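This report is meant for a reader meeting the structure for the first time. Please keep the sequence and the model in view while reading.

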Amino acid sequence: MTELAEVAVGTEFEVPESWREALAGELEKPYFAELTAFVAAQRAEHQVFPPSGQEFSALAATPYHGVRVLVLGQDPYHDDGQAHGMSFSVLPGVKTPPSLRNMFKELHADLGVPTPDNGYLMHWAEQGVLLLNAVLTVRAHEANSHKGKGWEKFTDAVIKAVSDREEPCVFVLWGNYAKKKLPLIDTSRHVVVQGAHPSPLSAKLFFGSKPFSQINEALEGFGSEPIDWRVPDLKSV
């Protein structure tokens, strides 16, 4: 047993039930045990986001056979209180980060959706929008600090599992990092919406790309209901 594995004895990630069969093979692979050990060791020595137990919040919020849209992010927000296991989303009461603010600006320009007073995207997830990051943990205040430790293999398997289903899906790949995942997707059966990342660094290219109407048009083409992209205001909840 490796030193890392010794640290992680008794520590296991709890994959939501609806995903277990689709991902069962991954959970048995050596890299996943090493990944589990790595995250446990990091949590023992550092502050890690999201909090323990929230790594698979996106999978819990959007069951495997309920995924209609997959939005791929890179790694979790790394500042205090932001990450809760769903890409781009923050919990109620947390200031909306810049990339998400830009998403809301484009959403308003694209579909006229009012800009909400918060960045909690559970309403999207409950309609079948899987808000998946490629890397599911990060050390506090150190972006990409858990890159290359095994999460990418696991989330590639998530993407592939969705692509392998009979149900069609819209895959949303923003930015060059996400676009590299295109080979995992069966484009003969699914629709891929690609574009610039909503980050302030590339927002000029993101604005005007109308991704939200593209997603809804693709869903309607599948005979599926469009996503209601509104985010309930906290004052109305």
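## The largest pocket

The lining of the largest pocket in this predicted model is made up of ten nonpolar, 13 polar and two charged residues, where Ala, Val, Leu, Ile, Met, Phe, Trp, Tyr, Cys and Pro count as nonpolar, Asp, Glu, Lys and Arg as charged, and the others, Gly among them, as polar. The space in this pocket comes to about 520 Å³, and of its 25 lining residues D75, P76, Y77, S99 and H197 are the closest to the centre.

A pocket here is an open set of points on a 1 Å grid over the protein atoms alone, where a 1.4 Å probe fits and protein lies on both sides within 12 Å along at least five of seven lines; lining residues have an atom within 4 Å of a point.

## Basis of the model

Because the model is predicted, local features need pLDDT of at least 70 and side-chain atom pairs count only at pLDDT 80 or more, while totals for chains, interfaces and linings use all residues. Residues are numbered from 1 along each chain as its sequence is written, and side-chain values use heavy atoms, with hydrogens and water left out.

## Overall form

The chain has ten helices and six strands, taken as DSSP runs (H or I, at least four residues, for helices; E, at least two, for strands) and numbered from the N terminus. Along its principal axes the C-alpha trace spans about 55 × 40 × 35 Å. Buried residues, meaning those under 20% relative accessible area with a 1.4 Å probe and protein chains only, make up 51% of the 237 residues.

Beyond its neighbours within four places in sequence, W124 is in contact (heavy atoms within 4.5 Å) with residues including M103, F104, L107, F212 and W229.

## Backbone features in loops

Most residues other than glycine have a negative phi, and most peptide bonds are trans. The peptide bond from F49 to P50, however, is cis, with omega near -5°, and P50 lies in the loop between β1 (48-49) and α4 (57-61).

F88, in the loop between β2 (69-73) and α5 (98-111), has a positive phi, near 70°, and is buried, with a relative accessible area of 8%.

Notes. Grid points are joined across faces, edges and corners, and a volume is the space filled by probe spheres set on the points. Buried means under 20% relative accessible area, exposed over 50%, partly exposed in between (1.4 Å probe, protein chains only).
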